[in-house]
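The text below walks through them in turn.

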Amino acid sequence: MDGLQRDAGRKYPSFDNIGGVMKRTWKLMLVTAFAAAGLLSIFFNRTEAVAAGKPVSPRSLYVQNCARCHGADGKAQTTLGRKLEADDISGGLNTAKTTRVVTNGRGSMPSFKRKLPAAKIRQIAGYVRTL
Ligand code: HEC
């Protein structure tokens with residue numbers, strides 16, 4: 001609108017120019033929107049996906065939350081797992097025990113009570129039993 005008024009005042013209403021202004025404005029809005037969405041997703045990505053109940057497989061829940069210490073195979077042979085002396089959780093661990101430890105944490109293992117809803121913790125425990 002600004003462009004239109006300015007051009008009209010100068011007595012050479014150039015519609016090409018107005019198009020240019022509009023295009024630039026749109027581009028700017030798009031870029032801003034994408035940047036904002038990108039930033040938001042960095043902050044809220046995982047917790048939002050979980051909170052919204054989007055289907056995430058038990059295996060990927062395990063990989064996202066546990067594998068850095070316990071390893072994809074549960075044997076805890078990762079750098080961090082060795083350093084913290086994480087337990088080997090392969091071999092069909094009892095789901096009640098896993099649920100309890102994951103919910104409350106133990107020693108250097110963090111509690112997941114605030115990070116994951118109880119239903120996801122149960123799914124992970126079910127997956128751990130298959131390791
Ligand atoms: C920051 C590293 C870390 C992460 C992440 C982590 N753990 Fe642990 N975990 C540990 C450590 C260290 C122990 C040993 C705790 C102790 O007894 O001192 C442990 C112990 C356990 C135990 C007890 C095993 C037993 O036989 O008593 C279970 C079960 C377990 N973790 C499951 C999980 C699951 C499932 C996840 C993912 C939701 C997870 N852990 C994430 C470090 C971690």
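Just after H6, Gly105 takes a positive phi of about 75 degrees; helices here are DSSP runs of H or I with at least four residues, numbered from the N terminus. This is a predicted model, in which local features need pLDDT of at least 70 and side-chain atom pairs count only at pLDDT 80 or more, while totals for chains, interfaces and linings use all residues. Residues are numbered from 1 along each chain as its sequence is written.

Within H6, Thr98, Val101 and Val102 are buried, that is, 20 or more other C-beta atoms, placed from the backbone, lie within 10 Å of their own. Seen down the helix axis, these buried residues of H6 fall within an arc of 95 degrees, taken from the directions from the axis to the C-beta atoms, and so they line one face of the helix. On the other side of H6, Ala96 and Asn104 are exposed, with 12 or fewer such neighbours. The cover over the buried residues of H6 includes H7, where contact requires C-beta atoms within 7 Å.

H6 also gives the largest share of the shell around the ligand, four residues. Of the 24 residues in this shell, Cys66, Cys69, Ala86, Gly107 and Met109 come nearest, a residue being counted if its C-beta atom, placed from the backbone, lies within 6 Å of the molecule.

The axes of H3 (residues 58-65) and H7 come within 8 Å and cross at roughly 95 degrees, the axes being lines fitted to C-alpha atoms over the stretch in contact and the angles running from 0 to 180 degrees between N-to-C directions. H3 and H7 are therefore roughly perpendicular to each other, a class that spans 65 to 115 degrees.

Methods. Helices (H or I, at least four residues) and strands (E, at least two) are DSSP runs, numbered from the N terminus. Two residues are in contact if their C-beta atoms, placed from the backbone, lie within 7 Å. Angles under 35 degrees count as roughly parallel, over 145 as roughly antiparallel, 65 to 115 as roughly perpendicular and the rest as oblique.
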